[in-house]
Amino acid sequence: MLKYIISTIILLAPYAGSAQDSLPVKQDTSVVMQDTPVVEQDSLVVEQDSLMVRQSKMAITLYADIGKLGESLFEIQTKREFGISILLANKYQFVGEYGYGSLNPKSIINNGSYSSEGNYYRVGVEYVFTVLPKTSLSTGFMYAHSDFADYGNVKIESELWDDLNETFARPDLKADWIEWIVNTESPIVKVEEGFLSNFYWGVRFRLRILISDISQPDFDIFAIPGFGKTFSTVLPAANLYLKYRIDF
Amino acid sequence: MKGLAVILFIALAFSTIGCDDCTDCKPFTQEPFLEVRFLNKADSSKRVIIIDSVNQIYGKDLRHFKDTTSVFNFPLDMHHDTSVYQLVYRDTSALQTPYTDSIIIIYSREILRREDNYFIVECNLDSFLAIGEATLICKDTTGAECLSNEAYAKIYN
């Protein structure tokens, strides 16, 4: 008999709880002041839900280097760089980047001209630290490779003989380097939901270390698309990215 | 606007005057050359020379050719390993008497990039031949090996 009573209490317990939620109006109105904190509790629950969305375990981010696009617009250099990153377990981010660069550094040959043009890619992995719910800091390493060509011209005038007009063109050049990267990411607009909430901006600081031998018999290679000027084999750089992030 | 035009005119005038004065024009900093000094045979004192022609090119057309009246820089041919100079010149003390000398210089060439990002042709002298009274001097030691711009030839007459 006791067994049946206990079973009945257990079965009815949830209904008893819901019955408390739908208490008579009279009782509700008598505890108006008590109701308000309940509503606040509800809104806290909503915020917790949105936090859960922000800190999703997986995300795919598509991005473009807006600094390089800006340089192209003002015809300083022609550069384009795009990337994709996949965030897993909210900690490990796999990154792939592809770019094109046409570099015309003016100061390389003062009595002539030099240009370097080609494509490059980078792949790497980062470890992500969540600083604030939608702001993160990450660090990692990337491997990069560039296939490019360079062209140059040197002119030395002579009054007595024909001017020296030496040109060179090397179409099949390759270079490899590794990068240590530190990346920041935060939302552009602080809205919780909607299309705009997926837009982020980020700055990536890089320390590029050239690992391939790029020495040439006559003229050196002076600029590598994706790496930059080769006056040093260790080169710092920074990129500004516009990102679109899709959380799962 | 008028003021700007005047300033531009003055700047242009000064730059033109500057270029006419060959002490300000230094083409040989990029171009390899052989320095030739004209000296008197008796006491090795400097002779004041007028170059009539080098390889049939009228001397006065060679604007950057002359540093002083007794020392001349002869540009080397940057396309070949040999330069031949056929000189016709006169001493200002005896303008009616033209002298002729031929200098043949053999060297090896290399294009180098200087620290200021100018490319130059550097030449190493191999041998020097003169038809006349010329002698190759390098760092005051006859026949020593040196870069072309360190060497100089003395022509005695």
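What does the secondary structure of chain A come to? It comes to four helices and ten strands, where helices (H or I, at least four residues) and strands (E, at least two) are DSSP runs numbered from the N terminus. This is a predicted model, in which local features need pLDDT of at least 70 and side-chain atom pairs count only at pLDDT 80 or more, while totals for chains, interfaces and linings use all residues. Residues are numbered from 1 along each chain as its sequence is written, and chains are lettered from A and ligands numbered from 1 in the order in which they are written.

**View 1. Overview of chain A.** From the N terminus on, the elements of chain A follow the order α-α-α-β-α-β-β-β-β-β-β-β-β-β. Chain A has 248 residues, of which 23% count as buried. A residue is buried if 20 or more other C-beta atoms lie within 10 Å of its own, exposed if 12 or fewer, and partly exposed in between, with C-beta atoms placed from the backbone. Among the contacts in chain A with a separation of 6 or more, 63% are between residues 24 or more positions apart; two residues are in contact if their C-beta atoms, placed from the backbone, lie within 7 Å.

**View 2. Confidence along chain A.** The mean pLDDT (the predictor's confidence in each residue, from 0 to 100) of chain A is 80, and 75% of its residues reach 70 or more. Confidence in chain A is lowest in helix α2 (residues 25-30), at a mean of 39, and highest in strand β7 (residues 199-210), at 95. Over residues 1-54 of chain A, pLDDT stays under 50, and the model has seven contacts beyond four places in sequence for this stretch.

View 3. Eight strands of chain A close into a barrel with antiparallel pairing, in the order β1-β2-β3-β4-β5-β6-β7-β10. From one strand to the next, the twist averages 25 degrees; axes are lines fitted to C-alpha atoms, for helices over the stretch in contact, and angles run from 0 to 180 degrees between N-to-C directions. Two strands pair if DSSP finds at least two bridges between them. Strand β1 (residues 59-65) and strand β10 (residues 234-247) of chain A pair in the antiparallel sense over seven bridges. A:Asp65 has A:Tyr241 in β10(A) as its bridge partner.

**View 4. Strand β2 of chain A and its neighbours.** Six bridges join β1(A) to β2(A), and the two run antiparallel; here A:Thr61 has A:Ser85 in β2(A) as its bridge partner. β2(A) also pairs with strand β3 (residues 92-103) of chain A, in the antiparallel sense over eleven bridges. Within that pairing, A:Leu87 stands opposite A:Gln93 in β3(A). Three residues lie between β2(A) and β3(A) in their hairpin, and A:Ala89 in the turn has a positive phi of about 55 degrees.

**View 5. A:Lys79.** This residue is found in strand β2 (residues 78-88) of chain A. A:Lys79 is partly exposed because 19 other C-beta atoms lie within 10 Å. The C-alpha atoms of A:Lys79 and A:Leu69 are separated by 6.4 Å, and the two residues are ten residues apart along the chain.

View 6. Strand β4 (residues 112-132) and strand β5 (residues 135-156) of chain A run antiparallel and are joined by 20 bridges. A:Ser113 stands opposite A:Asn153 in β5(A), and a hairpin joins β4(A) to β5(A) through two residues. β5(A) is likewise joined by 20 bridges to strand β6 (residues 164-187) of chain A, again antiparallel. A:Ser146 stands opposite A:Ala175 in β6(A).

**View 7. Chain B and its contact with chain A.** Chain B has one helix and ten strands. Of its 157 residues, 25% are buried. The contact takes 20 residues from chain B and 16 residues from chain A. On the chain B side there are eleven nonpolar, five polar and four charged residues; Ala, Val, Leu, Ile, Met, Phe, Trp, Tyr, Cys and Pro count as nonpolar, Asp, Glu, Lys and Arg as charged, and the others, Gly among them, as polar.

**View 8. The nonpolar cores.** A nonpolar core is a set of buried Ala, Val, Leu, Ile, Met, Phe, Trp, Tyr and Cys residues joined through C-beta atoms within 7 Å. The largest has 30 residues, of which B:Leu34, B:Val36 and B:Phe74 touch the most other members. The largest share of this core, six residues, comes from β7(B). Another core, of 15 residues, lies apart from it and includes A:Met142, A:Phe148, A:Ile181 and A:Phe222.
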